[in-house]
Amino acid sequence: MLVTGNIKVITGEMFSGKSKELSRLIERALIADLTVDVFYPVFSSRDSSRDIERRIAELHGSLTIVGVPDGNAQALITLINPVADVVAIDEAQFFTHDLVDVVKKLRHDGKRVLIAGLDLDYQENPFGCMGALMCVADDVMKVHAVCTACKKSDAFISYRLTDESGQVVVGESNYTALCVECYDHVMMEKQERTTDYQTA
Ligand SMILES: [Zn+2]
């Protein structure tokens, strides 16, 4: 049988259903009797409970799920089961940039690579290596949450509710999904509060 490797990226803001779609594709692969390796980044400062772990906990088949320390893509290579048909990577935005080269190699090796990750960081910039991953992918799926403020438009960003700095701040309670208009409104109010404080 001719095996063709390929790369699929599922991306969008938080609460957009990326992990749900990833778990659906993992379940589909398992039904087809494929061997699936699932990876996600692990940082000591972060909550160890993973959405993807909960979602695939009930699935049966040849499935392995492994946390990769510090999202080190080189470490990920050493953890891949050589006979895996499918390599799924969740929270790809937190992996090191050489993940791009790793998934390109996996495609040449005939692996089906499934990647889920945030497209934008909280400052509206491409998140980590996600932009490059979308370029090298054969297929890109953008998914959207409903804006939690107006509940009408598609959200486009995960708005951070805390003032902590750094990218590695997770937990649903720290973010909300906003559309462009509601995001602009929130940012304007924030700016006005800052100005009021400075002129008081
Ligand atoms: Zn909105």
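Guide: L34 lies in the loop between α1 (18–31) and β2, where helices (H or I, at least four residues) and strands (E, at least two) are DSSP runs numbered from the N terminus. With a relative accessible area of 16%, L34 is buried, a word that stands for under 20% relative accessible area, whereas exposed means over 50% and partly exposed what lies in between, with a 1.4 Å probe and protein chains only. From L34 to V83 the C-alpha distance is 9.6 Å, although the two are 49 residues apart in sequence.

This is a predicted model, in which local features need pLDDT of at least 70 and side-chain atom pairs count only at pLDDT 80 or more, while totals for chains, interfaces and linings use all residues. Residues are numbered from 1 along each chain as its sequence is written, and side-chain values use heavy atoms, with hydrogens and water left out.

Strand β2 (residues 36–42) pairs in the parallel sense with β3 over seven bridges, and Y40 stands opposite G67 in β3. β2 also pairs with β4, again in the parallel sense, over four bridges, and there the bridge partner of D37 is V87. Strand β4 (residues 86–89) sends V86 and A88 one way and V87 and I89 the other way, and all of these are buried. β4 likewise pairs in the parallel sense with strand β5 (residues 112–118) over four bridges, where V87 stands opposite V113.

β4, helix α4 (residues 99–108) and β5 make a right-handed β-α-β unit, right-handed meaning that, with the strands pointing away from the viewer, the path from the first strand over the helix to the second runs clockwise. The loop between β4 and α4 holds E91, and an unreviewed UniProt entry places the feature "active site" at E91; such annotations may be inferred rather than shown by experiment, and their positions are given in the numbering used here, with shortened feature names. E91 counts as buried because its relative accessibility is 16%.

Another annotation from the unreviewed UniProt entry, "binding site", covers V168, V169, V170, G171 and Y175. Of these, Y175 belongs to strand β8 (residues 175–178) and is buried at 8% relative accessibility.

Finally there is the zinc ion, coordinated at 2.3 Å by the SG atoms of C147, C150, C179 and C182, where donors are N, O and S atoms within 2.8 Å of the metal (3.2 Å for Na, K and Ca) and sites may look incomplete, as water is not among the atoms. The four donors subtend angles of 103 to 117 degrees, and the arrangement is therefore tetrahedral, the term for four donors with all angles between 85 and 135 degrees. Along the chain their spacing is C-x2-C-x28-C-x2-C. C147, in the loop between β6 (139–142) and β7 (157–160), and C182, in helix α6 (residues 180–199), link distant parts of the chain, 35 residues apart. C147 is buried at 1% relative accessible area, and C182 also counts as buried, at 15%.

Note on methods:
Tetrahedral: all angles 85-135°; square planar, octahedral: opposite > 155°, others 65-115°. Pairing = 2+ DSSP bridges.
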